[in-house]
Amino acid sequence: MNRQVSIALVVLGWLVSALLFERLPERMATHFDLGGSPDRWDPKWVGAFILPVLMLLTLGIARWAPRVLAEQPHDEALESLREMVLTAILAFFGLMHLGILGTALGWSISMPELLPLGLGGLFLLFGHVLPRLRRGWLIGIRTRATMSSDAAWERTHRVTGAIMTAGGTVMIGAGLFAVTEPMSIVIAAAIGAALATAGYLYAVR
């Protein structure tokens, strides 16, 4: 099911851009500062299609990479998790695409609110996926300590999953409650999650 959803998200991104293209201004805001103010403008063909192109490339790489890595193709559990992550990443790109188009067309869309919600959702997904990764797969936190036993692997991924969940919750809260400069909180949450993860890995090395 996730496979069809990921393809549908890419098609939808291209379709929305094509349908709205004539209504878009000749130059569009494509980047925003931490306060949510546009700080870069590009021609509308760039603003309308840069994220659909990125979505298409992401989908293509995700389909092609497992073959290059000679990963076992019939592991249904791994395939399910990988498709879940791919779908979430494409949904995040789609949300940002909606924000760029909506800003250009004057919709009531705030990038400082959308970005924390999107990033927070990704962090929550990673928090869900990490504890479900199995030792021996090509993805996961592969250190000498985590690879030493199944127990060490599972414990590490439970802890890091909880850290990601906490970080994602903070990010979503920053977006929902419209605090001053929510992106500053998002960056602080991301850095905090990275430092907490690094600290744990150092402690159990």
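Trainee: At what angle do H3 and H4 pack, and how far apart are their axes?

Mentor: Axes are lines fitted to C-alpha atoms, for helices over the stretch in contact, and angles run from 0 to 180 degrees between N-to-C directions. Here H3 and H4 pack at an angle of about 180°, and their axes are 10 Å apart. That makes H3 roughly antiparallel to H4, a term for angles over 145 degrees, while those under 35 count as roughly parallel, 65 to 115 as roughly perpendicular and the rest as oblique. Please note that this is a predicted model, in which local features need pLDDT of at least 70, side-chain atom pairs count only at pLDDT 80 or more, and totals for chains, interfaces and linings use all residues. Residues are numbered from 1 along each chain as its sequence is written, and side-chain values use heavy atoms, with hydrogens and water left out.

Trainee: Which residues of H3 and H4 make the contact?

Mentor: Contact means heavy atoms within 4.5 Å. On the H3 side the residues include Leu81, Phe92, Met96 and Thr103; on the H4 side they include Met111, Leu115, Phe126 and Val129.

Trainee: How many nonpolar, polar and charged residues does the contact of H3 with H4 have?

Mentor: In this scheme Ala, Val, Leu, Ile, Met, Phe, Trp, Tyr, Cys and Pro count as nonpolar, Asp, Glu, Lys and Arg as charged, and the others, Gly among them, as polar. The contact of H3 with H4 has 17 nonpolar, four polar and no charged residues.

Trainee: How many helices and strands does the protein chain have?

Mentor: Helices (H or I, at least four residues) and strands (E, at least two) are DSSP runs, numbered from the N terminus. This protein chain has six helices and two strands, and its pattern along the sequence is α-β-β-α-α-α-α-α. Its C-alpha atoms fill a box of roughly 55 × 40 × 25 Å, taken along the principal axes.

Trainee: What percentage of the residues in the protein chain is buried?

Mentor: Buried means under 20% relative accessible area, exposed over 50%, and partly exposed in between (1.4 Å probe, protein chains only). Of the 205 residues in the protein chain, 39% are buried.

Trainee: Is threonine 58 buried or exposed?

Mentor: Threonine 58 is found in helix H2. Because its relative accessible area is 19%, threonine 58 is buried. Not counting residues up to four places away in sequence, threonine 58 touches Leu86, Ile89, Leu90 and Phe93. Isoleucine 7, in helix H1, has a relative accessibility of 41% and therefore counts as partly exposed. Leaving aside neighbours within four places in sequence, isoleucine 7 is in contact with Leu59 and Arg63.

Trainee: How many residues does the largest nonpolar core have, and which have the most contacts inside it?

Mentor: A nonpolar core is a set of buried Ala, Val, Leu, Ile, Met, Phe, Trp, Tyr and Cys residues joined through side-chain atoms within 4.5 Å. The largest one has 31 residues, and those with the most contacts inside it are Leu24, Leu90, Met96, Val129 and Leu133. The elements that give two or more residues to this core are helix H1 (2–20), strand E1 (27–32), helix H2 (44–68), helix H3 (76–105) and H4. Its largest share, 12 residues, comes from H3. A second, separate core of seven residues includes Phe123, Met183, Val186 and Ala189.

Trainee: How far apart are proline 116 and methionine 171 in sequence and in space?

Mentor: Sequence separation is counted in residues, whereas spatial separation is taken here from C-alpha to C-alpha. Proline 116 and methionine 171 are 55 residues apart in sequence and 5.2 Å apart in space. Proline 116 lies in helix H4 (residues 111–129) and is buried, with a relative accessible area of 0%. Leaving aside its neighbours within four places in sequence, proline 116 is in contact with residues including Met171, Pro182, Met183 and Val186.

Trainee: Where is methionine 164 found?

Mentor: Methionine 164 is found in helix H5 (residues 150–176). Its C-alpha atom is separated by 9.4 Å from that of alanine 189, 25 residues apart along the chain.
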